Structure formats: C-alpha cells, structure tokens
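Dear colleague,

Please find the structure below for your records.

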Amino acid sequence: MNRNLATDKHLTADELELASARPAELADEHWIHVGSCQRCAAGIADVREVSAVLRDLPAVSPRPGFTERVMARVRLPLPWHRRALVVARERKGMSAAAAAVCAALGAGGAMWAIRFPELRPLALASWVAGQAGDLLWQATIGLGRMAYVLGLADVATAIGADLTLGSAVAGLATIALVSIGSLSVMIRLVREGQPILIRAR
Amino acid sequence: MVTYADRSDKQLVGLCRRGDERAARELVERFQRPVFSIVFRMVRDREKAEDLTQETFVRTFNNLDRYDRSYKFSSWLFKIAYNLTVDHLRKKELRTISIHGSPDAVTADQQEATSVTLESGQEAPDARIESLELAGQLEEAIGKLRAEYRTAILLRHVEGRAYEEIAEIMDIPLGTVKTYIFRARRQLREDLSDLDGYPEN
C-alpha cells in the first residue's frame, strides 16, 4: 500500500480519510509530504471537520408505531405448517381422504407389526414396495378401463372388457399427467408459498 | 438462547423467507432509523420521508425472492430507498429547504406534521436552542448539496458505509463516488465555515 511518495504527489481521497480517521496508519512518507503541502494539510483538516460535524448531526427517527405501519403492509411467504393448514382448509374433501388413507396405512402397519414382530425393516420396505406396485397396476387397469369407456365403447362392454394395450397406455398417460400436475402444484406451493397479509398486532 | 436481535441480517432474511414475522420486525427495527435519516435528509419533508421509508421496507420484504444473498442486505435496502427517493425527487423539484416543515405546507398543522423533531439529548435550554440552531444550519447546508453528493456523503460519514458499498447502492463507479464525496465535503466546508459555533480550521 505504501508507495514511495515524491513531494509533488498529493494524497488521494482514501489517504486523506485515513490521515483524518486513523493518522497512525498513514505512512511516514505521506506525513512528510503533508508537512510541506498546504493543500493536503487543508484537505485532512476538511475531512476531519466535516466528518465530525456530520457524525454529530442530530438523530432523526420516524414517528412511534412505524414498525406496526410497515408490518401491516408486508406480505411474507407462509411458514410450511400454516401453508399446509390453508391447503387443508381449501380442499376439505381431498384432505379428509388423505387423512383417511394415512390413518388406514398407519393402522394396517401397526397391526402388521404386532402380528409379525420379527419383521425386519428391509423386508417391510420390500413388502410396501410390492403393495405399492400392485396398487399402481390396479389403478392403471382401472384408469385404462375408464379411458376405454369414455373414448371407445359403451359402458357395459367396457366394464366387462379385458385390458388391452390401448387402454393400458391411456391409463398410464392419465396417471403421468395427474402426477405431473399434482407435483408441480406441490412444488409451487412449497417454493413460493402463499402470500398472506400480516396484520399489525 | 439466540434472540432475534443476536442474529445477523442474512439469518433474519432467511427466516423472513420462511415466513417468520418476528424476523421481519427485527429488520425493520434495525434499519428504520438509518434509512429514514438518509431519506429525510434527501426529501426534507418528514411525512414524505416516512412514506418513502415505509414503501422501502414494504418493497424489500415483498420482493425478498429477488434478493441476491451475495450482497449485503443493508446495501440492497439502501439501494431501494435511494431509487425510490430519487424517483420522488425527479417527479417533484424541491424549491426550498427547511427543517421547519415541507415547502408545500400551508397551515400550521401541515407544517407541524411535516417538520422534523431533532433529538439533541439532555442539554440545558440555552445550549439546546444553540445546538438546534446549529443543527438547523447544518441541515440547510446539507440540503444545498446536489442530491447525489448529499446521498454519497451521508452514507459515508453518517452511516459509515464503505466506498464500494456506496457505489453499489447508487449504481455508479467507485471513482465517481470518491469525486462526489470530495466535492460534497469541500462545498460543506465552505458553507459551514461562515456558521457561528463552527470550529475554525
């Protein structure tokens, strides 16, 4: 930082401030220059006086209640647990169904654990995966039939009809679309949150 | 236990992003005085300064998702305040400068509503009047500076911001910041040298 200062080189703005605020940190060569340079000496005095005056400016503050007035207008994202409550309130049917499924799964799991206490976590995971695969396959078949009913034949034929490649593909496509849609909604809810108005207390 | 007051600005911003209202309150409490102080000295009207400061915080919190964490939160806040204030000043050319109220105030009530209360601590009545007079003259001298000079010098000497941070806030090159501050200081020094009670060089 220190440079070999020739006497005709004036102090920079940074050096003037350093000389004013922390004189001990300014290199001796600079002080030698200041000793023989009226302009730099006056510069240091200016910085010192103006800084002192500005530092002593009276404090000004907004009127009491400022924070409340700001908070009344601020919208923050909802915390995740309140966001979940909002979703639950808005979609009561879906929430009830999800809660019922969770309760059934929990009860089933508990009964299973009581009946087979020797069950290992890996085996349980394997069983759950197998059940989930079966469920998915059944859902595929069901949706395939539904697609078949809606698009291809009358109801009676459709319900009795065997699974065809076309209905299976239609079913899978429907599942994929529904999953992507639900996932994107969930991701948006979690990432962006739902803005709320925070009321002043 | 770590309280909100103990947390860093960035930690509080992280909490705000998760919807923590108390974190937002803490940030408002922490920065309302410095932001208001700069804005008030820019617009010279208490009511307008409060509106602009309030708007600064509201915009800041409502746009937290746009905040780049590599910047200091205070820089971002001051930048929003600066932009809002400059926009306001561009729309409305200020004609006169007074700590005794807005130039647009016609009635006594309006003058009182727009004037600023200077907090000058515990002083004897005479000393207080003298100090307030000097403070008023100082405010007048600061008010005579160009808006850019005023912002730069206040950020530097009142708020103690680094040159680099001021450049970021005002969106100008570092060299320009130094020039602004140098010129502002020189002009202030000239204006203040005539004041009674101002220290002689």
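**Salt bridges between the chains**

At 24% relative accessibility, B:Lys178 counts as partly exposed (buried means under 20% relative accessible area, exposed over 50%, partly exposed in between, with a 1.4 Å probe and protein chains only). This is a predicted model, in which local features need pLDDT of at least 70, side-chain atom pairs count only at pLDDT 80 or more, and totals for chains, interfaces and linings use all residues. Residues are numbered from 1 along each chain as its sequence is written, chains are lettered from A and ligands numbered from 1 in the order in which they are written, and side-chain values use heavy atoms, with hydrogens and water left out.

The side chain of B:Lys178 forms a salt bridge with that of A:Asp14, at 2.8 Å from N to O (a side-chain nitrogen of Lys or Arg within 4 Å of a carboxyl oxygen of Asp or Glu). A:Asp14 belongs to helix H1 (residues 13-21) of chain A and B:Lys178 to helix H9 (residues 174-192) of chain B, so this pair joins two chains; helices are DSSP runs (H or I, at least four residues), numbered from the N terminus. A:Asp14 is partly exposed, at 33% relative accessibility.

A salt bridge of 2.9 Å, N to O, also links B:Arg189 and A:Glu49. The pair crosses from helix H9 of chain B to helix H3 (residues 38-55) of chain A. B:Arg189 is buried at 10%, and A:Glu49 is buried at 12%.

B:Glu50 and A:Arg69 form a salt bridge with their closest N and O atoms 2.9 Å apart. B:Glu50 is buried at 2%, whereas A:Arg69 is partly exposed at 29%.

Over all chains, 22 salt bridges were found.

Yours sincerely
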